[in-house]
Amino acid sequence: MIGPALPAHVYVHVPFCRSKCSYCDFFSVVAPDESLLDAVGARLELELALWGSAGLPGQIRSVYFGGGTPTLLAERLPELLRRAQEVLPLTANAEITVEANPDSLEAAFVEDLASAGVTRVSLGAQSFDPTTLHLLGRTHRAEATLEAATGITRSGIDLSLDLICGVPGLSDDEWRRTLEFAVSSGAGHISVYPLTLEPERSLAGGEDHDACDPDSAADQMLIAEEFLAESGLRRYEVANYALPGRESVHNLAYWQGRQYLGLGPSACGMLDSQTALHAGMLHADAATNVARVRYCQTHSIDAWLDGGLPQIELLDQLEAAREDLMMGLRLTEGVAADRFAHAGLAPVLDELLAERLLESFDAEDGPRVRTTRDGWLLGNEVFSRVWNAN
């Protein structure tokens, strides 16, 4: 049996926002005071140091600071980044990503991030249309996104932009203009997400989840794929586009079933059984029946600061195989066809092929399967049928 190994990917959740966007369902608190910022920064530094001193073999290929808005840590963030590089065994070309909002990035701060080792900034543009930005509860102007993008690319940091389509009232022409601005920003990576609203959420104009039109979102996803392809950004995953070589190393780890750490309140992680056993998240008598341990840190900052225990989910070999299959089908490269049989899903593959939601093709490493155009647009149905099959 393979022994424990240090996960090669680390997610760090910074649970702070200047204001709460109307559509967002991620865990965060608004306008924290300085003492809370200090406490969270110190606790994150401790968690990084604990894993760095765990004595496990392996190196870390990516660290992703998400949220929330990590840049609200202000000067604490560059210090935390430097500390991470001191205590973690990073590869020489490790990808270090920081999420940011356009109005939280002054030029001097971008330079601080660059000098602290940041290689990539994921900028929450969401739109370049003023009406759409207002509906989404975004506080920045479109011009601020372009200004922040200029500062990021000038510093030598790779730029990724997040965009949202399918917003009520967003015309296809306005959506194309947003895509044009996004490409002109110099971004080498663009994520395009259809708007989803939980039942308890509503937009600034009062529209709730019933106002979201899946047909409009699908049309705009198709527009984005065509436009971005013409601009050299290839879709490599359900919602992600990149210039050659600019794909997100960190996010690929999720879709390829790699181990990753989740640090900070509400952060989730995934460990194989031997690493989970080493970390005390799994009892020795259960290890033989468990392939994978998924965990989620508490959604209470106070409980997390006090060392609150995460929620644990145990997956056996079959469940892990199905999860990897479901995640792998998000990628345009698809998955090896024989993985369906290994996951006990040969009949499901036949059904999805017959319905033309999946297609088979030959690759250098053998027969593979990927989603068709309809399967991409109906991805949730495909993934659900893989995961929930009897």
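The model is a predicted one, and every value below was computed from it.

**Strand β5 and its neighbours**

- Strand β5, which spans residues 90–100, is mostly covered, since 9 of its 11 residues are buried.
- On strand β4 (residues 60–67), β5 has a parallel partner, and the two are joined by 5 bridges; within this pairing, Val63 has Ile96 of β5 as its bridge partner.
- Strand β6 (residues 120–126) also runs parallel to β5, to which it is joined by 4 bridges, and here Glu99 stands opposite Ser122 of β6.
- Together with helix α2 (residues 76–87), strands β4 and β5 make up a β-α-β unit that is right-handed.

**Ile96 within β5**

- Ile96 belongs to strand β5, and its relative accessible area of 5% falls under the 20% limit, so the residue counts as buried.
- Leaving aside residues up to four places away in sequence, Ile96 touches Val63, Leu81, Gln85, Leu90, Gly117, Val118, Thr119 and Arg120; of these, Val63 is also its bridge partner.
- Between Ile96 and Ala253 there are 14 Å in space, C-alpha to C-alpha, although the two are 157 residues apart in sequence.

**The sheet β12-β13-β14**

- An open sheet is formed by 3 strands in the order β12-β13-β14, with antiparallel pairing.
- Its edge strands are β12 (268–272) and β14 (311–315), each of which pairs on one side only.
- On average, and with direction ignored, neighbouring strands in this sheet are turned by 20° against each other.
- Strand β12 is joined by 5 bridges to strand β13 (residues 292–296), the two running antiparallel, and Cys268 stands opposite Cys296 of β13.

**Packing of α6 against α7**

- Helix α6 (residues 172–184) packs with helix α7 (residues 214–230) at an angle of about 35°, and their axes lie 10 Å apart; α6 passes α7 in a crossing that is right-handed.
- From α6 the contact is made by Asp172, Trp175, Arg176, Leu179, Glu180 and Val183, while α7 contributes Gln220, Ile223, Ala224, Phe227 and Leu228.
- Sorted by class, the residues in this contact between α6 and α7 comprise 7 nonpolar, 1 polar and 3 charged.

Technical notes
Residues are numbered from 1 along each chain as its sequence is written. This is a predicted model: local features need pLDDT of at least 70, side-chain atom pairs count only at pLDDT 80 or more; totals for chains, interfaces and linings use all residues. Side-chain values use heavy atoms; hydrogens and water are left out. Axes are lines fitted to C-alpha atoms, for helices over the stretch in contact, and angles run from 0 to 180 degrees between N-to-C directions. A crossing is left-handed if the near helix is turned anticlockwise from the far one by less than a right angle, and right-handed if clockwise. Contact means heavy atoms within 4.5 Å. Ala, Val, Leu, Ile, Met, Phe, Trp, Tyr, Cys and Pro count as nonpolar, Asp, Glu, Lys and Arg as charged, and the others, Gly among them, as polar. Buried means under 20% relative accessible area, exposed over 50%, partly exposed in between (1.4 Å probe, protein chains only). Two strands pair if DSSP finds at least two bridges between them. A crossover is right-handed if, with the strands pointing away from the viewer, the path from the first strand over the helix to the second runs clockwise.
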